[in-house]
Amino acid sequence: MKVLWLGDIDSRDPAHVGGKVANLSQLAAEYRVPPGFCLPASVLDHASHGQFPSPLCRALADAYDALAAQSGHAMPPVAVRSSAADEDGSTDSFAGQHATYLNIRGMDALVDAVQRCWASARTAQALDYRRQRGLATENIRLAVLIQHLIVADVSAVAFSTNPVTGNRNEIVINANWGLGESIVGGLVTPDTYIADKLDLGRIKHQIAAKRRMTVAYGDGTREVDVPRSLCAKPALTVAQVRAIAHLAQSLEQRMGWPVDVECAYRADHLYLLQCRPITTLAMPAMALPHEQPVVRAA
């Protein structure tokens, strides 16, 4: 059984690797995407009741060892993410429907996380989501992405079109300390930044009282209090806001559609973690008051 690495030509077909992996594979050579590999959807066909046949265990162990060699860690922390064949398309994002496990270390934990990703495709919630959209509920094609975990100082979600107003000249960024699960999971009210796409130096912002964050802990994650000194401090500098806005703008041009981007800063390096189409322009978000200051970068 063969695993497919991000960036490989064979890992760009969503029918085999799902939308999440296909999008990242297209971008891996041009952007700072953490290294990783995928168990294609066909692997699940050989895994009876989610159990691992021996050839798959060997292929998974070899790939994990290769990732360890790249990272310089004996048991590198990884993110294990579901990637369905009909996920992250132009109409169905599947956001929050399938499982993601962060800070997974070692083969035993990795096998368990992959099995739980497979099982997440058959939960009542995921199946109901499919029925509501007229998608197949049998023979679901689900790949699994295993990717080096960026233990983020700050995480952000960026939209290359304002998802509330539909304004295509505005890039909206939400940011919080730590891993991005606090943002996508609704744990915290994040900072909000709005950049003018025609002048990325023109930025409106609303800095939230960020009281909780998600951090890597042990062999998983935990939610902790944000240190008091950071609660009201902007999670991003003006330069970082501009860099994320530029990333979103670049990805929109590269992909040909408005993008919903997950990214993270670690030691001043900006990493691209996910890129998918914006499937709705009516999603809830925090409105910015009219008196917001405009910050112009030097």
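## Exercises on a predicted protein model

In this protein, 65% of the contacts between residues at least 6 apart in sequence join residues at least 24 apart. The model is predicted.

**Exercise 1. Describe the overall make-up of the protein: its helices, its strands, its buried share and its accessible surface.**

Step 1. Take the secondary structure: there are eight helices and 14 strands.

Step 2. Take the burial: of the 298 residues, 51% are buried.

Step 3. Take the surface: the accessible area is about 13,500 Å², and carbon and sulfur atoms account for 50% of that area.

**Exercise 2. Find how many cavities of 30 Å³ or more the structure holds, and state what lines the largest cavity.**

Step 1. Count: the structure has one cavity of 30 Å³ or more. The volume of the largest cavity is about 190 Å³.

Step 2. List the lining: 20 residues line the largest cavity, and those nearest its centre are Arg-81, Gly-180, Glu-181, Glu-262 and Leu-273.

Step 3. Assign the lining to elements: at least two residues each come from β3 (78-84), β5 (142-148), β6 (154-159), α6 (181-184) and β12 (259-266).

Step 4. Sort the lining by type: 13 residues are nonpolar, four are polar and three are charged.

**Exercise 3. Identify the residues of the largest nonpolar core that touch the most other members, then list what Leu-272 touches.**

Step 1. The largest nonpolar core has 43 residues, and Ile-173, Leu-236, Ile-244, Leu-251, Val-261 and Leu-272 touch the most other members.

Step 2. Helix α8 (residues 238-255) gives the largest share of this core, seven residues.

Step 3. Leave out residues up to four places away in sequence; Leu-272 then touches Leu-24, Leu-27, Tyr-31, Arg-32, Val-33, Pro-34, Leu-251, Val-261, Glu-262 and Cys-263. Of these, Leu-251 and Val-261 were also named in Step 1.

Step 4. There is also a second, separate core of 29 residues, with Val-3, Leu-110, Val-114 and Leu-142 among them.

**Exercise 4. Locate Thr-161 and decide whether Thr-161 is buried or exposed.**

Step 1. Thr-161 sits in the loop between β6 and β7 (170-177).

Step 2. The relative accessible area of Thr-161 is 1%. A residue counts as buried under 20%, so Thr-161 is buried.

Methods:
Residues are numbered from 1 along each chain as its sequence is written. This is a predicted model: local features need pLDDT of at least 70, side-chain atom pairs count only at pLDDT 80 or more; totals for chains, interfaces and linings use all residues. Side-chain values use heavy atoms; hydrogens and water are left out. On a 1 Å grid over the protein atoms alone, a cavity is a set of points where a 1.4 Å probe fits but cannot get out, and a pocket is an open set with protein on both sides within 12 Å along at least five of seven lines; lining residues have an atom within 4 Å of a point. Grid points are joined across faces, edges and corners, and a volume is the space filled by probe spheres set on the points. Helices (H or I, at least four residues) and strands (E, at least two) are DSSP runs, numbered from the N terminus. Ala, Val, Leu, Ile, Met, Phe, Trp, Tyr, Cys and Pro count as nonpolar, Asp, Glu, Lys and Arg as charged, and the others, Gly among them, as polar. A nonpolar core is a set of buried Ala, Val, Leu, Ile, Met, Phe, Trp, Tyr and Cys residues joined through side-chain atoms within 4.5 Å. Buried means under 20% relative accessible area, exposed over 50%, partly exposed in between (1.4 Å probe, protein chains only). Contact means heavy atoms within 4.5 Å. Accessible areas come from the Shrake-Rupley method with a 1.4 Å probe; for residues, only the protein chains shown count as cover.
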